[in-house]
Amino acid sequence: MRLRTIATATLAVTLSSAGAYAQDAADAGSFDAQSAIESFFGNPDFLGTTSSSVGSVTTDGEKVIANDVALTWEFSVGGGETETVAINLTVSAPTLEVTDLTFDETYAADLINMPESHLSLTAEGGEQDLDYAFTVKDYRITNATWAPFPEVQENAAAPISRFAPLIDAMLTQGYDSARVSGMSGTLKTGDETQTFDYGPSSYGKLANGRLASFKIGAGTTSQTISQPTDPNAPPVPSTITINYGEAAGENVDLKPLVAFLTGTGAGSGAQTVVGSMTFDGMGFAAGQMASFKLGKVTTTDITVDPSRGPILTQADNLYTSVADGEEPDPATLIGFMLDTYGAFGVGSYVIDGMDLTFAGGAATLGKVAIESLGAGGLGLLSFNDATIEGPGVDGQLGKVEIADVVFPERGDFMNAIMASMAGIEPDPQTVLKAVPYIGRTTVSDLSVTGAPFGDIALGLFETRATNFIESIPTQLSLALEGFSMPASLISNPMAQGVFTAVGADPIQADGNITLGWDEASKQVSLDEDIAVNNIGRLQLSAQMSGIPRFVFSEPQRIQEALVTAAIDGVSARFEDEGITAFGINMMSQQAGMPASEFPSIISQQVQMQVAAMTGNSDLAEQVSGALSTFLGDPQSLAIAATPASPVPLAQVMGAAMTAPQAIPELLGLSIEANGAQ
């Protein structure tokens, strides 16, 4: 597909572009269309070609006819420690017809017609030779206008950007309509050959660098596949055929793209290049092994940021290094890649379904969507309504979404990469700034049935991260709903045995966790609610105040927060669903005593330990009584720290080292068994 685009553009700019056919006219009064075309193709300098020729130029009334037109570019890349690759690019047309060609500061023609034109590209000397041939049938342009074409000068210091004037000249071209009746070609690499054939294409009005619309006909490609030499290898198809649907687009603006390439007229910020584009899908078959079908693809608001260029100037150094057989400078290469990919953006990209069949099964995907993709981040990537069917196994997935992704700044990414390449260990803050962060991840409605290990289900798994300071989120949440999986998937044998013994097979879990920091109150809050079937439910809530902003903006200063941090309160509640009784029975069996005696023994031991540690007999009795009640009839156990006012964390740490017995009263600790929620 990419080679087809390159070929079409090259033919349009060279042969089909009316701007190339009247270069030598001195003024309108002395203009002669036949002479202008003869002189243009007789001078290689106009397009920077190695050779340029035309067999003959004749006239038939207002029509000028050029026969056997040929343009050739020859150059090589590599050398030194790398292989030298010789590249030859030839564009030709047996016949070129231009009707009513005139000049009055700009050029105009009623009709430009090429019944047939060809592009040939060969590359020899690399790991594999490449041979590419492309043919365009019946190319016609009506009511074309253009400015004089610039000459391309030799410039060893600017091997790529010297062609910038040619690209700028695209903006001077205009026409009422253009069309081709078909395009076809072949691509050979090594022992494999690809052939392609596309139907009629048409282009709407082009004026001031804006193309109103375009439509590219449906097509077919066939790829030969090298057969394995190992007689025991599985068979592969000898040919894969791909059928492409029609493509169409509207509101194409070439000015931002030209500015990105050459720098001419460049502004800052994303600018729309294509308003909307559709592609009517594709499908292929690989013999009896597999087949694939892609639904309609719709793209809107394709943008480019010209301030990331001019990319041709950046390419000069890279080309020179490669041509001289040298490794490109890493910083230059990485910067070029970042600027190239980072310049483009997409408002939305939607694939309306995929279908795959293979030996023994099938898979479908209802919809794929990308929204708001650009250098700054990604608004949404989603996969919806997926199914898979295999031998005895069925799977369904309702949705996977990655949303609100923020990409790192170019400079931050470059700093981390270059430090790593230099063998310097970047500090944590540099690393954090160099990685993207994700605002939301969602997986919902997952179901796998019939698998040898058992069934898996998931209603919802979702994480959220918001309110970032630098690269650290100050609001985090996790939600888990309707999760179920076989205990056999637990890798730890002991844990697997516990889940099985308490009847938690399959394991079923639900939960929510939120962690957040409020800048106004400087308070961090944690809330947790997790439940596992036949195990229990744990609820946890904690608040800590006095947490300054620099903990997030300058994490290396986190120890300074110990001066201001304070504990506002903590509470935890566990509701038993079977794990406590299981634990008592297991420990009593190991100790060789009745399970009914175990709660009192444990509570007595705890009472003595608490009394010894704190010197508070009332607290020890409270803890012992609550534990005895809970273990005797496991329902719920709640622990809370509710100080009258926030307790400085430094004070708690000091008490832990010098007077641990003071901590319960300091924090207002309490414990309760089998109480109401």
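Some ground rules come first: the model is predicted, with local features needing pLDDT of at least 70, side-chain atom pairs counting only at pLDDT 80 or more, and totals for chains, interfaces and linings using all residues. Residues are numbered from 1 along each chain as its sequence is written, and side-chain values use heavy atoms, with hydrogens and water left out.

Helix packing makes a handy starting point. Two packed helices are described by the angle between their axes and the distance between the axes. Here, helices (H or I, at least four residues) and strands (E, at least two) are DSSP runs, numbered from the N terminus. Axes are lines fitted to C-alpha atoms, for helices over the stretch in contact, with angles running from 0 to 180 degrees between N-to-C directions. Helix H5 (residues 311–323) and H6 have axes that come within 10 Å and cross at roughly 155°, so the pair is roughly antiparallel (over 145 degrees; under 35 is roughly parallel, 65 to 115 roughly perpendicular and the rest oblique). The H5–H6 crossing is left-handed, a label used if the near helix is turned anticlockwise from the far one by less than a right angle, with clockwise giving right-handed. On the H5 side, Ile311, Gln314, Ala315 and Leu318 meet a set of H6 residues that includes Leu333 and Phe336.

Helix H6 (residues 330–342) also packs with helix H7 (residues 410–421): their axes come within 11 Å and cross at roughly 150°. H6 and H7 are therefore roughly antiparallel as well, but their crossing is right-handed. Among the residues making this contact (heavy atoms within 4.5 Å) are Ile334 and Leu338 of H6, along with Phe413 and Met414 of H7.

Next come the cores. A nonpolar core is a set of buried Ala, Val, Leu, Ile, Met, Phe, Trp, Tyr and Cys residues joined through side-chain atoms within 4.5 Å, where buried means under 20% relative accessible area, exposed over 50%, and partly exposed in between (1.4 Å probe, protein chains only). The largest one has 71 residues, and Ile37, Leu101 and Tyr175 touch the most other members. Strand S6 (residues 130–146) gives the most to this core, with seven residues. A second, separate core has 17 residues, including Ile469 and Phe550. Beyond residues up to four places away in sequence, tyrosine 175 touches Ile141, Ala144, Tyr203 and Leu206, among others.

Most residues other than glycine have a negative phi, and most peptide bonds are trans. Yet a cis peptide bond joins glycine 309 and proline 310, with omega about 0°; proline 310 sits in the loop between strand S19 (297–304) and H5. Another cis bond links aspartate 505 to proline 506, with omega about 10°. Aspartate 100, though not a glycine, has a positive phi of about 55°. Aspartate 100 lies in the loop between S3 and strand S4 (102–104) and is partly exposed, at 25% relative accessible area. Asparagine 674 likewise has a positive phi of about 55°, and is partly exposed at 22%.

Finally, proline 548 lies in the loop between strand S30 (536–545) and H10. Proline 548 counts as buried because its relative accessibility is 12%. Glutamate 554, in the loop between helix H10 (550–553) and strand S31 (566–576), is partly exposed at 30%.
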